[in-house]
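Have the structure open beside you and try each task before reading its solution.

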Amino acid sequence: MREFELLQPKTLPDALDALAQNDAARRPLGGGTDLLVDLRAKRVQPDVLIALQKVNELRGVARVNGHVRVGASTPIAEFLKHPLLTPYRALHQAASVFANPMIRNAGTIGGNIGSASPAGDTLPPLLALDAQIELVSASGTRTLALDDFFLGPRKTARNANELIYAIQLPAKENSSATRSCFYKLGLRQADAISLVSVAVWLAREGEKIRDVRIALGAVAPRPLRAKRAEEILRGQIFSETNLKEAARIAAAECSPIDDLRASAKYRRRMVNVYTRRMLEQAWQNL
Amino acid sequence: MDKKTIHLTLNGEAREWRVYPNELLLNTLREQEFLTGTKYGCGIGECGACTVHVNGAPRLACLTLALACEGADILTIEGLARDGKLDAVQEAFLGQSAFQCGFCTSDMIMMTRALLNENPQPTETQVRDYLRGNLCRCTGYASIVRAALDAAEMERQETA
């Protein structure tokens with residue numbers, strides 16, 4: 001493997017100092033489950049890795065100002081255990097099918113977001129749950145909607161001198177009139193990369209859909225909100241006709257590719273099928 | 001790049017290692033400690049052959065930098081038997097002859113041990129789900145799953 005220097009800062013200021021060179025040859029290292037694989041395949045060539053696992057400020061799950069704040073270094077395994085996170089069902093479901101227990105113990109939520117793979121398992125649930133992302137640099141923090149963070153395959157709005165600090169999950173998901181769910185379609189049950197994944201968040205008011213968010217994975221250059229499909233449903237009666245139309249539009253909104261796992265045509269068809277199924281599942285559980 | 005010194009606990013004993021910044025835990029275990037029970041399979045986190053316990057949790061040694069293990073408590077297959085007595089999981093694998101070529105045996109045993117530490121009475125579905133990232137290319141899963149359930153039963157009877 002390529003030679004590099006490994007820095008292991010113990011505080012956030014030290015980690016930001018180490019990054020402050022603003023130099024592409026410096027890379028933050030989370031759990032290493034993506035970055036070490038990329039390093040060995042020579043897809044990235046950093047001179048310095050800045051390991052974040054010893055930085056306490058980046059860890060932990062807490063309720064802050066009405067939302068749940070999850071530190072970037074929180075391992076995926078925590079999503080299956082932490083009582084503050086279990087109400088976020090779509091995210092919990094994604095964590096339960098995320099790779100395997102060894103990878104979940106190492107891989108972090110900040111890493112999954114920062115890698116920005118179009119197929120990242122936690123990304124559609126986070127988009128459907130309307131997560132915000134906090135970025136931190138030596139000059140301060142900034143918060144943006146996660147939807148504005150993804151720019152393309154492995155491209156994000158993070159500047160080279162910034163770290164992903166935390167994600168914020170809005171508390172409204174906890175209320176009884178909302179529900180989220182997630183499905184990942186792979187070629188096998190375990191350790192599969194998604195062909196298609198769909199996350200849905202739905203708020204019910206009587207027989208109407210008060211609000212809805214639909215997010216799609218592995219069918220566009222970035223994890224995608226199906227916003228035109230959402231528009232079809234928002235404020236409308238939950239009906240067979242509306243559901244069919246929303247699923248059809250979601251399939252039209254994405255831009256899947258042909259690759260060795262599936263054809264674009266199949267992926268688009270599955271977006272239609274699973275968007276509809278997830279909407280039905282969320283509604284039926286309300 | 002120069003080697004650096006770290007201190008850690010390996011199979012219950014204190015260790016001082018000199019390791020390169022780009023050295024993987026898997027290589028240190030196999031080439032410096034000669035603990036070759038932990039296997040080098042795919043090297044990219046897809047087969048589970050290099051599963052060890054780091055601070056009590058199963059981790060892939062092929063995706064762990066040795067230098068990041070300062071202060072860690074590491075358990076490999078060689079440290080599982082205590083005072084010459086095999087762990088219940090090892091006994092159960094013997095009882096079921098839960099191996100064909102044997103390449104995945106260390107990781108299957110370490111993973112089953114981790115499962116029973118977390119969940120002492122798993123269902124068959126829970127066993128299969130927990131072992132999802134550990135591949136047996138001989139496809140000998142049926143006896144491995146039976147062995148895991150046997151080990152749980154043996155430990156239940158011991159504590160009863």
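**Exercise 1.** Find the partner with which K227(A) forms a salt bridge.

*Solution.* Start with the rule: a salt bridge is a side-chain nitrogen of Lys or Arg within 4 Å of a carboxyl oxygen of Asp or Glu. K227(A) pairs with D147(A), their closest N and O atoms being 2.6 Å apart.

A word on the model: it is predicted, so local features need pLDDT of at least 70 and side-chain atom pairs pLDDT 80 or more, while totals for chains, interfaces and linings use all residues. Residues are numbered from 1 along each chain as its sequence is written, chains are lettered from A, and side-chain values use heavy atoms, without hydrogens and water.

**Exercise 2.** Into which domains is chain A divided?

*Solution.* An automatic or database assignment sets the bounds. They give domain 1 (5-51), domain 2 (57-172) and domain 3 (177-284). Next, take contact as heavy atoms within 4.5 Å: 24 residues from domain 2 of chain A and 26 residues from domain 3 of chain A take part.

**Exercise 3.** Describe the interface of domain 2 and domain 3 of chain A by its buried area and its salt bridges.

*Solution.* First, the area buried is about 2100 Å², with 54% from carbon and sulfur atoms; buried area is the accessible area (1.4 Å probe) lost by two parts on being put together, summed over both. Then count the salt bridges between these two domains: there are three.
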